[in-house]
Each structure stands twice: as C-alpha cells, then as structure tokens.
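This report describes a protein structure for a reader who is new to the subject. Please look at the sequence and the structure first.

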Amino acid sequence: MIEASHLTKSFGAHKVVDDVSFRVEKGELVALLGPSGGGKSTVLRMLAGLEVPDSGRVVIRDQDATGSKAQERGLGFVFQHYALFRHMTVRENIAFGLEVRKKPKKEVDARVEELIGLVQLTGLGDRHPHQLSGGQRQRVALARALAPEPSIVLLDEPFGALDAKVRIELRGWLRRLQKEQGLTAIFVTHDQEEAMELADRVVIIHRGKVEQIGSPEDVYDRPATAFVASFIGSANVLTGTVAHGRAALGPMAMGAPTTAAEGTDVKAFVRHHQITIAASDASQTGVTRAQVKRITRVGWLAKLELDVDGETLFAEMPKDQLEELGIHEGELVVVSLKDATIFAEDFAI
C-alpha cells in the first residue's frame with residue numbers, strides 16, 4: 001500500500017533521515033519506533049507529502065508519489081496535538097475535509113454522523129474542542145482524518161499529549177477500529193509499550209537509520225543490534241570476554257556460540273526475567289551468589305535489585321514464586337543466566 005524507498009533528508013548540515021526503506025502492506029498497522037529526535041516524524045511527513053525528500057521515493061498504491069502534493073496522495077493524517085479548528089464544533093471539524101472537496105451536504109451529514117458514532121462521541125457533535133477531554137479531541141482528529149475515506153492513515157505521536165490511563169484506553173480502541181475498518185496505518189511513537197501492543201510490525205529508527213524491522217516478538221526476543229537490545233525492554237548490560245568456549249561476564253558466565261573466537265570482547269544484554277534466582281545453601285560450591293538489596297512488588301510481579309560482587313543486577317519473577325522461595329531483603333541468593341543476547345564486534349552472535 002505504501003513504501004519508503006531509500007529516503008534521505010537533511011536540514012542544513014544535519015542529516016535527519018539516512019537511507020530509510022520499508023513497505024507497509026494492506027491492512028497492516030506499522031509503528032515507527034525510536035528515541036526522540038531520531039527522524040521518525042520526518043519520515044512520516046515525507047510519506048504524507050509535508051516534507052520533500054532530498055533523495056529516495058515514496059510509493060503509494062504502486063504509484064510513485066514522490067512529487068505529488070499532500071492533498072493528492074489520498075492519505076489521512078493525525079497530529080499529536082489534534083490541530084482541530086477551535087471555532088468549529090465537532091461536526092464542523094469532521095465535515096471540513098468533505099466540504100473542501102465539495103461533497104453534497106446530504107452525503108457530508110450522513111458521513112459525519114456515521115463517524116461520530118464510530119469514534120464513540122454520540123451526543124457531542126455540537127461541542128467545541130475546548131469542551132472536550134484530550135482523549136475526545138484525539139478521537140475527533142481521527143474522525144476528521146477518516147472522513148474522506150482514505151485507505152491509509154498516518155499518525156504522528158497520536159497519544160503523546162494524553163495521560164497514561166487515557167493512552168491505554170485509546171490504544172485498544174484504535175487497534176479495534178483499525179482492524180474493523182481494514183485500515184492501513186503507520187504511527188510514530190517513542191513509547192515502546194505502545195508500539196509493542198499496537199503494531200503488527202515495528203520499524204526501529206535511530207539516528208536517521210533503520211536498525212531493525214520485525215514483529216514485536218522479533219525485535220524483543222531477537223534484537224539485531226546492540227541499540228535495539230538496549231532500547232527495547234529492560235536489560236542488564238554485562239561486558240566480558242570469550243574464554244574456553246564460554247562468555248565470561250564478570251562474576252557470571254554462559255556458553256558462547258562457536259562463531260565467537262577465543263579472546264573476543266563481548267557485550268551481553270540480559271533481560272530481567274532471564275536471571276534465575278534460587279535460595280542459597282552454604283554447602284553449594286561453584287555457584288554465583290548475590291545479595292538482595294531491594295524487593296519491589298508491583299501487581300503480580302516482584303522486582304529485585306541484586307549485588308553481585310559489587311555489580312548491580314536487576315531481576316524479576318512472579319510474586320508467588322518469590323514467596324515460595326522465602327527470599328527477603330538482605331539475604332544471599334544463588335543467581336544464574338537463563339539466556340542473553342550477546343554482541344561481539346558489532347555483530348550479534
């Protein structure tokens with residue numbers, strides 16, 4: 001449905017987007033994810049026709065749209081801060097794009113009422129934006145973008161101006177709406193939880209370049225670069241060296257793949273749930289012990305801060321498992337690594 005092909009964009013001497021390419025298929029919801037300032041919104045604006053690329057192409061519905069104006073691309077666009085017309089009512093805001101296209105009034109009225117119901121704003125059509133909550137305003141913005149019936153919708157940090165509870169509610173609502181309507185959508189976010197919950201695929205952009213493209217599960221479980229491993233989820237970072245076929249990571253160690261040469265410096269990213277914890281028995285030998293510095297219980301989860309030979313590690317486990325082990329702050333426990341993602345010389349091994 002829409003493709004970015006080798007897009008590049010500079011502002012002055014600063015290259016903001018550097019050779020970015022990806023495709024979005026019909027009915028997909030794709031997230032452009034990365035830290036603020038990484039070039040995500042600029043990519044989206046080039047797709048929308050709001051910025052002109054220095055090089056590369058934008059292909060929409062198998063047609064080269066690089067030179068097309070924004071209004072010729074047949075896309076819906078939703079901004080972070082709503083961009084609603086303050087002097088217009090909900091109905092008038094939603095109708096605006098249709099009236100500009102000189103659609104018959106009867107057709108406009110029917111479409112507006114349909115959308116008001118679709119975005120769950122029944123009874124609020126005569127209100128002005130200042131009379132709505134942030135979540136309601138964002139729904140109006142989405143309804144306005146959907147009014148001309150675009151097959152592709154672009155959303156730039158659509159929930160960034162909302163508080164956490166409203167963001168969570170709108171995420172689920174948008175996902176259901178997108179699937180029910182069969183929309184093809186691309187949304188920009190720096191919130192990894194948002195991307196992982198909503199997207200079919202994630203395009204991770206850092207410093208203007210694509211680091212990895214994959215499903216949420218792929219980028220979490222199989223990060224392609226050290227940046228992705230550190231950015232997605234929470235991880236302990238351990239450095240070490242390959243010795244006798246094992247990656248020696250400070251006080252801990254795990255098997256190193258055969259592709260890792262002896263003496264290679266490595267960096268391991270260990271998710272908090274990849275650390276195994278057991279009660280300590282003084283008779284045990286050849287094990288790694290840690291002192292439990294702090295335990296935090298959040299819902300069903302227990303988070304532990306551990307001291308392993310002066311190095312701080314973070315682990316987590318189900319709260320009932322912690323209770324079964326009878327572990328308390330200040331005690332010694334035995335720790336080991338279940339798994340880790342190891343990088344050597346900038347290559348994943």
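The sections below treat the model, a sheet, the nonpolar cores and the salt bridges.

## The model

This is a predicted model, in which local features need pLDDT of at least 70 and side-chain atom pairs count only at pLDDT 80 or more, while totals for chains, interfaces and linings use all residues. Residues are numbered from 1 along each chain as its sequence is written, and side-chain values use heavy atoms, with hydrogens and water left out.

## The open sheet

Six strands form an open sheet with mixed pairing, in the order E6-E7-E8-E3-E9-E10. Its edge strands, each pairing on one side only, are E6 (75-78) and E10 (209-214). On average, neighbouring strands of this sheet are turned by 15 degrees against each other, direction ignored. Here, strands (E, at least two residues) and helices (H or I, at least four) are DSSP runs numbered from the N terminus; two strands pair if DSSP finds at least two bridges between them. Axes are lines fitted to C-alpha atoms, and angles run from 0 to 180 degrees between N-to-C directions.

Strand E6 pairs with strand E7 (residues 152-156) in the parallel sense over four bridges. Phenylalanine 77 has leucine 154, in E7, as its bridge partner.

## The nonpolar cores

A nonpolar core is a set of buried Ala, Val, Leu, Ile, Met, Phe, Trp, Tyr and Cys residues joined through side-chain atoms within 4.5 Å. Buried means under 20% relative accessible area, exposed over 50%, and partly exposed in between (1.4 Å probe, protein chains only). The largest core has 45 residues, of which Ile94, Leu142 and Leu155 touch the most other members. Helix H4 (residues 134-146) supplies the largest share of this core, six residues. Another core, of 31 residues, lies apart from it and includes Met254 and Leu313.

Beyond its neighbours within four places in sequence, isoleucine 94 is in contact with residues including Val112, Leu115 and Val140. Contact means heavy atoms within 4.5 Å.

## The salt bridges

The whole structure holds 18 salt bridges, each a side-chain nitrogen of Lys or Arg within 4 Å of a carboxyl oxygen of Asp or Glu. Aspartate 18 forms one with lysine 209, the closest N and O atoms being 2.9 Å apart. This pair links distant parts of the chain, since aspartate 18 lies in strand E2 (residues 14-24) and lysine 209 in strand E10, 191 residues apart. Lysine 209 is partly exposed, at 41% relative accessibility.

Aspartate 18 also forms a salt bridge with lysine 15, with the closest N and O atoms 4.0 Å apart. Lysine 15 is partly exposed, with a relative accessible area of 42%.
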